[in-house]
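Work through each task before turning to its solution.

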Amino acid sequence: MKKLLTVHSMKVKGWALMNEDILHKRIEVALNELWNVPKEIPLYLKKNLQHSLRPYQKRALEHFMFIEAQDASNTLTRHLLFHMATGSGKTLVLASTILYLFKERGYQNFLFFVNSDAIIKKTKDNLSNLNSPKYLFDPNGIEIEGRNISIQIVDVFPISPDENTIYLKLTTIQKLHRELEEPRENGLTYEALSENPIVLLSDEAHHINVETKKRRKKEDKKVIEEKNWETTVTKIMNSNNKNKMLEFTATLDLTKESLFEKYKDKIVFQYDLRKFMNDGYSKNVLLARANEDDDSKMLNAILLSQYRKYIAKEIGVELKPVIMFKSQKISLSKNARDRFFEILDNLTVDLLENKIARELSINKGEQNIWEDMFDYYKECDLTKIIRDLRDDFSVDTVLTVDTQEIFSERDALLLNTLEDLNNPIRAIFAVAKLNEGWDVLNLFDIVRLSENASTNKNATDSEAQLIGRGARYYPFIYEGERSYTRRFDYVNKRLSILESLHYHTINDSAYIKNLEKSLDAAGIVTRIDRIRRFEVKIKNKFRKTDLFKTGKIFINRSVKTTAEDYQRFSDYNIDSNYTAIFEKAMETQYGKQVSNTHSLSNYHDEVLPLNKSILRKAIQRNKFFQFSNLKKYMPNISSIKDFIESPNFLGGVTLTVRLPNELTIKNLTSNDILRFVEMFLQEVEQKISTYYVTERGIPEFVGVAFSSLIEDYVIETNVVTTNFTTNPKENIQVHPMRGNDWYIYDQAIVNGLEYDLINEINAFMEELQEKYAEVYLVRNERKVKFREFNGVRGFMPDFLLFLKDESATYQVFLEPKGSHLKLQDKWKEDFLLALNTREDIEILHETDTVKLIGIKFYSDSNADKEIFRKDFRNKVLPETEPVSEEIREGLFSYNDK
């Protein structure tokens with residue numbers, strides 16, 4: 001039996017969420033299929049965070065907001081888990097949920113707990129230390145609806161909280177357990193926790209599941225203690241029926257039945273490490289297997305690290321790459337450190353020349369990093385290279401971390417600020433398990449010192465954890481832009497070293513087998529240190545066509561915006577007639593839901609008289625409308641007075657209030673009226689921030705010579721380890737295209753979804769060639785770029801289809817898009833579809849007739865594919881019969897014959 005808003009199923013507008021799968025997937029279907037779900041991240045979240053949310057972080061919050069919007073009874077949302085990869089920025093999502101629950105649900109008390117003191121310190125900096133470079137909120141202060149909000153770190157939550165304060169207690173699960181089970185004066189108690197609702201924030205949440213994962217063993221004290229940690233959390237949750245718990249972890253083994261049963265209805269968002277890495281948010285991980293001894297591996301590692309630094313310097317990138325030398329025992333680590341400095345002290349030009357010659361002989365023709373690196377050093381002044389090595393890897397720049405606890409405060413500071421260019425450390429000799437909470441981004445080499453090291457599965461599981469943390473991407477600035485995703489996977493083999501983590505390890509078959517299993521279980525995609533080079537050439541036959549020799553590709557122009565573009569509210573898509581809903585205003589004002597028992601017929605609308613004083617007061621309560629800031633977006637205003645009085649702006653606004661029949665404008669307090677005005681100003685702020693741009697695309701298309709944009713190209717990519725389970729749709733594959741004259745290149749180097757699209761076009765080919773004199777499909781390899789109409793975002797469709805008949809030339813835009821990206825890239829589909837409907841699109845300076853056609857996204861579900869086929873046929877092959885499924889299946893196999 002289906003129930004509404006229960007743990008096991010949910011019904012929204014006739015659509016049922018069934019319990020066959022985890023909650024995350026059910027929400028994903030809802031967000032893709034329903035029109036009335038929240039898709040916009042609230043403006044107060046965006047402007048109160050120091051960093052922009054990445055697409056998957058926005059997606060996580062969309063999931064969270066969706067489930068919150070469906071749950072009036074706090075049943076579904078009382079306990080949720082974000083299952084997100086190491087390095088994916090879970091803490092920024094956590095910070096966002098704090099602001100959301102404070103603003104939308106009125107929660108003020110937040111209890112953060114974790115398994116490690118190190119993470120407590122890091123999180124305290126993230127959430128409360130304005131001077132920390134890792135502070136997540138706006139350093140100028142948190143402001144929500146004109147209120148300045150403070151975050152106060154407390155040991156005990158206050159009985160009478162200040163309404164503009166978020167109270168945050170940070171503790172370890174062990175301390176929390178002891179504090180509650182052994183209460184002390186002025187300490188935290190279960191009774192105190194029951195007085196006001198709280199939100200529990202559990203980081204690295206897998207640590208509290210020992211009771212769920214293990215059977216009870218009375219003789220095992222540790223298990224009983226850890227069991228009680230989970231019991232403690234349960235007792236806190238039961239102390240107040242409004243309490244919530246949000247868990248955050250990268251490590252949740254859903255193959256264990258007990259964990260799956262516990263969390264299948266709680267995983268609000270899932271973004272695993274494999275997906276994170278394949279989406280480009282991590283470094284590439286390469287296994288550098290070596291038969292050499294530890295001395296050779298250490299020398300190779302510092303040579304590689306310096307090579308990385310030199311390559312970065314050549315392109316103007318400031319980079320301080322760090323190496324970790326990992327040992328199993330303290331004595332072995334100390335011996336290795338001593339040997340390290342001996343190697344540097346004894347290094348001579350002759351020794352280095354011999355090494356370069358030997359390594360080039362071994363790696364000749366391998367197209368790997370070692371061949372590239374030693375080729376580079378062969379042409380260098382080796383005296384300078386040795387001098388640089390000794391300067392960069394000295395006693396002062398090498399840090400020893402024997403255990404996680406035993407090192408000085410200075411060393412702890414150095415260890416946690418490795419990305420700082422003023423931090424001198426270039427290498428770490430470590431025994432400590434620096435896994436959870438260690439967020440270093442510029443670790444590029446991990447060297448496994450293998451003397452007496454264990455090769456069993458437990459050891460490789462620990463190494464996989466460390467590799468996962470080291471794979472975090474370092475967002476360096478290149479050509480004036482900072483990127484948080486890899487840039488060089490397919491465009492520049494040499495520069496890809498700046499986006500790669502090398503794990504230097506022994507070449508032992510049993511060990512490698514265990515390591516691969518551990519990495520695969522952790523979702524870490526690794527690549528063999530070998531480059532595949534694909535040369536893609538335009539077919540000679542196509543080079544002789546008129547399209548290649550004299551044809552054009554039509555690209556829309558972009559122009560700088562001026563004050564003339566922003567003369568009135570409508571230029572920002574702001575409607576000067578605004579209706580405020582009474583219940584909504586009261587809910588946001590008082591932080592609670594107002595019962596809505598009225599039908600539409602029980603309401604009436606009244607125009608709210610606006611006077612300058614109330615407008616000015618509402619403006620003063622929102623720092624966005626400070627004149628110095630507002631002028632950046634509204635070049636036509638001369639003062640706040642002008643903004644308030646001008647008929648083009650606030651002076652021309654009509655504000656209507658929808659009130660229950662028992663109320664009139666006269667019943668409203670001055671605070672109520674102020675709230676209505678503030679609601680309108682929040683929408684004004686959102687629209688101004690969204691629609692103001694300094695450069696915008698316009699619907700004027702100009703022809704650019706086809707041959708200047710479409711040419712032979714080369715793709716160089718690291719080889720993905722084939723025995724790891726990756727999504728075949730995401731893997732780059734080679735498909736020969738000889739005999740298919742409509743595809744202009746000799747081969748298609750594409751992923752699985754892109755290849756499916758090529759097959760779809762081939763299924764239409766007989767009809768296309770019957771209707772059109774010319775049919776050519778072009779892979780757009782990052783050359784042809786369009787700009788969003790009235791926006792600044794660039795768009796490079798993956799394929800362009802060129803058609804020609806006696807009346808016109810047609811340029812058809814085709815874009816394959818995975819289901820998980822459809823919503824975040826919807827603006828691209830909107831751009832494509834606008835090509836068919838906008839009346840102001842203009843093709844400049846052309847005598848021949850040119851038509852632009854945009855087709856809906858081609859996606860991976862059967863339903864989406866059918867939508868694409870219908871749209872393609874309607875626009876390109878109108879009034880023709882669909883291809884039968886039997887013929888389509890036959891056409892799909894053309895490349896397999």
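**Exercise 1.** In what order do the strands of the open sheet of 4 strands run, and what is the pairing?

*Solution.* The model is predicted, so to speak, from the outset: local features need pLDDT of at least 70, side-chain atom pairs count only at pLDDT 80 or more, and totals for chains, interfaces and linings use all residues. Residues are numbered from 1 along each chain as its sequence is written, and side-chain values use heavy atoms, with hydrogens and water left out.

Begin with the strands, which are DSSP runs of E with at least two residues, numbered from the N terminus; two of them pair if DSSP finds at least two bridges between them. The order is β28-β31-β32-β34, and the pairing is mixed. At the edges stand β28 (774-779) and β34 (850-854), each pairing on one side only, while the twist from one strand to the next averages 20°.

**Exercise 2.** In which sense do β28 and β31 pair, and over how many bridges?

*Solution.* Strand β31 covers residues 799-804, and its pairing with β28 is antiparallel, over 6 bridges. Within this pair, locate Tyr776, which stands opposite Phe802 of β31.

**Exercise 3.** Is Val657 buried or exposed?

*Solution.* First place Val657 in strand β23, residues 654-660. Its relative accessible area is 0%, and therefore Val657 is buried, a term that means under 20% relative accessible area with a 1.4 Å probe and protein chains only. Next, compare sequence with space: Val657 and His604 are 53 residues apart in sequence, with a C-alpha to C-alpha distance of 8.3 Å.

Terms used. Axes are lines fitted to C-alpha atoms, for helices over the stretch in contact, and angles run from 0 to 180 degrees between N-to-C directions. Buried means under 20% relative accessible area, exposed over 50%, partly exposed in between (1.4 Å probe, protein chains only).
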